[in-house]
Amino acid sequence: MRLPTIRVAVLGAALLAVVGAGVYALTPVATAAPGAPGTRPDFCGHDNRNTPFAQYLCAQAGDLLDVRIGDVHPTQPSLGYDEVYYKLGRYTLGKDAINKKFDDWCETDGRIAAASVQAGARLDDPASFTCELPVGGETADSVAAMKTVVIGPGGEPFLTDGHHTLTSFYETPDGGANLHVRLRVQANLSTLTRQDFWAQMQASKWVYLRQPDGAAITVNKLPTSVGLANFTNDRYRSLLYFGRDIGYAQNGLPFQEFYWGSWVRDAEPVDLTAWNQNDLASYLATVKTLTQTMTALPGDSMIDSGFTASQLGVLAAWNDGKAANKGEFDKLAKPYSDAKPGKLAYTLEFKKLHNLA
């Protein structure tokens with residue numbers, strides 16, 4: 001299978017070249033402006049390069065595009081904060097031989113997981129760690145696992161998957177807005193007017209315009225950057241995250257958990273009045289009740305926005321047919337004292353230590 005081309009873009013008199021573990025550096029090159037003498041230079045069909053996002057204008061669908069994470073614009077108004085707290089807990093309190101943040105960065109970059117990590121390695125120092133695959137050695141499976149972006153008017157990169165991951169990179173001490181990682185380009189819509197761009201984004205379901213309470217928002221109310229402070233907290237989205245591979249499986253549908261979350265909020269299939277997001281037993285019991293309710297649904301049950309339970313990845317059997325002391329549910333239930341704590345344990349430990357409970 002032919003892999004997507006990793007493109008580089010001419011920007012002024014510099015070429016963006018791949019170095020180290022995938023971060024791009026500016027290397028001077030001699031290059032003539034495209035177009036006939038005396039004409040305005042063309043830049044992938046654009047006359048005007050006076051945009052802060054010019055380096056993204058030429059990206060094509062399937063490209064693996066290096067981005068500064070502070071440049072990407074969200075396409076949803078909220079996050080499940082507890083998912084981010086889990087990631088930050090795993091990054092800062094983790095018991096892994098290799099810190100999970102390096103695995104997450106390598107996976108996001110299309111290179112599976114971390115292979116080696118030097119003492120004192122940092123995400124913002126890509127020379128301090130390596131990934132399982134080199135740049136240029138990506139596989140179809142490794143590319144499929146990457147987060148995605150759509151290029152909008154003026155070259156603005158709009159994130160369509162990966163808001164929690166990039167926010168976790170943004171918030172971690174060795175991350176921040178200037179951290180770079182590659183994203184897979186879904187489409188380049190940069191030649192559209194802004195009105196037509198958003199119409200296409202909505203038609204493709206590449207934007208989610210509802211607040212946690214279900215209220216609709218307009219596109220001008222979307223956050224302008226990743227980072228926890230830019231999003232509202234959606235507790236339903238948090239709950240669904242911990243139900244992955246217990247009640248449903250991810251299937252690549254953008255905003256999949258938000259559709260399930262809307263069902264939890266609007267249809268009220270389970271009673272959440274006793275759910276305590278700061279108590280492991282309560283959180284775990286709520287995940288169990290919800291996911292058991294999900295897997296009891298007929299596959300053709302309408303859930304939200306025209307999607308059925310099957311289209312939203314519902315599993316045929318709770319916990320993928322395994323007993324409660326096996327599989328994903330058993331992993332989720334492990335306390336922080338365990339050698340391999342579960343996701344909920346990391347979430348709660350991080351919240352406790354940072355007074356977020």
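A salt bridge is a side-chain nitrogen of Lys or Arg within 4 Å of a carboxyl oxygen of Asp or Glu. Side chains of opposite charge can pair when their charged atoms come close. The model you are looking at is predicted, and a search of the whole structure turns up 19 salt bridges.

| Salt bridge | N to O distance |
|---|---|
| Asp-96 and Arg-90 | 2.8 Å |
| Lys-100 and Asp-104 | 2.5 Å |
| Asp-330 and Lys-334 | 3.5 Å |

Let's take these pairs in turn. In the salt bridge between Asp-96 and Arg-90, Asp-96 is partly exposed, with a relative accessible area of 29%.

Next come Lys-100 and Asp-104, which both belong to helix 2 (residues 100–108). Because they are four residues apart in that helix, about one helical turn separates them. Lys-100 is partly exposed at 22% relative accessibility, while Asp-104 is buried at 7%.

Finally, look at Asp-330 and Lys-334, whose side chains meet in a salt bridge. Asp-330 is partly exposed, with a relative accessible area of 21%, and Lys-334 is partly exposed too, at 27% relative accessibility.

Key:
Residues are numbered from 1 along each chain as its sequence is written. This is a predicted model: local features need pLDDT of at least 70, side-chain atom pairs count only at pLDDT 80 or more; totals for chains, interfaces and linings use all residues. Side-chain values use heavy atoms; hydrogens and water are left out. Buried means under 20% relative accessible area, exposed over 50%, partly exposed in between (1.4 Å probe, protein chains only). Helices (H or I, at least four residues) and strands (E, at least two) are DSSP runs, numbered from the N terminus.
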